[in-house]
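I opened my notebook to follow a few side chains through a protein fold. Here is what I looked up, entry by entry.

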Amino acid sequence: MITIMRDGEIVEITQEELDAISYTPPATEDAIRSQRNVLIEATDTWALSDRTMSAEQTAYRQALRDITAQSGFPTDVTWPTKPE
């Protein structure tokens with residue numbers, strides 16, 4: 001048996017109960033910013049001086065930059081869809 005804290009009390013649970021508990025660690029600001037930076041970097045070629053970005057590409061890159069301004073940041077982020 002394994003003991004855990006549940007609702008302020010120490011209780012014993014089986015390994016099967018423990019395995020059934022799903023836990024996703026909360027997203028950290030640094031992790032979200034890192035992911036955002038990777039996505040922006042992947043589109044840097046769109047912004048080269050010899051190219052012209054489409055409106056969709058410009059909007060996508062701006063939406064990525066604005067991730068940190070979302071009301072749910074960093075735990076509830078809506079990622080923009082990358083244009084074709």
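**Entry 1: helix α2.** I began with the buried residues of α2 and found Ile32, Arg36 and Ile40. Buried means under 20% relative accessible area, exposed over 50%, and partly exposed in between, with a 1.4 Å probe and protein chains only. These residues cover an arc of only 75° around the axis, so they sit on the same side of α2. The arc is taken from the directions that run from the helix axis to the C-beta atoms. On the face turned away from the buried side I found the exposed residues Asp30 and Glu41.

A note on my source: this is a predicted model, where local features need pLDDT of at least 70 and side-chain atom pairs count only at pLDDT 80 or more, while totals for chains, interfaces and linings use all residues. Residues are numbered from 1 along each chain as its sequence is written, and side-chain values use heavy atoms, with hydrogens and water left out.

I also checked the length of α2: its 13 residues (29-41) reach 18 Å from first C-alpha to last, close to the 18 Å expected at 1.5 Å a residue. The expected span is 1.5 Å times one less than the number of residues. Helices (H or I, at least four residues) and strands (E, at least two) are DSSP runs, numbered from the N terminus.

What do the buried residues of α2 pack against? They pack against α3, where contact means heavy atoms within 4.5 Å.

**Entry 2: Arg61.** Next I looked up Arg61, which is in helix α3 (residues 55-65). Arg61 counts as buried because its relative accessibility is 7%. I then searched for polar contacts, which are pairs of N or O atoms within 3.5 Å; within protein, one must be able to donate a hydrogen and the other to accept it, and residues adjacent in sequence count only if both atoms are side-chain atoms. The side chains of Arg61 and Asp44 are joined by one of 3.2 Å. A polar atom of the Arg61 side chain also lies 3.3 Å from the backbone oxygen of Ile40. Leaving out residues up to four places away in sequence, Arg61 touches several residues, including Thr43, Trp46 and Met53.

**Entry 3: Gln57.** Gln57 is in helix α3 too. Is Gln57 buried or exposed? Gln57 is buried, with a relative accessible area of 11%. Not counting residues up to four places away in sequence, Gln57 touches Trp46, Thr52 and Pro83.
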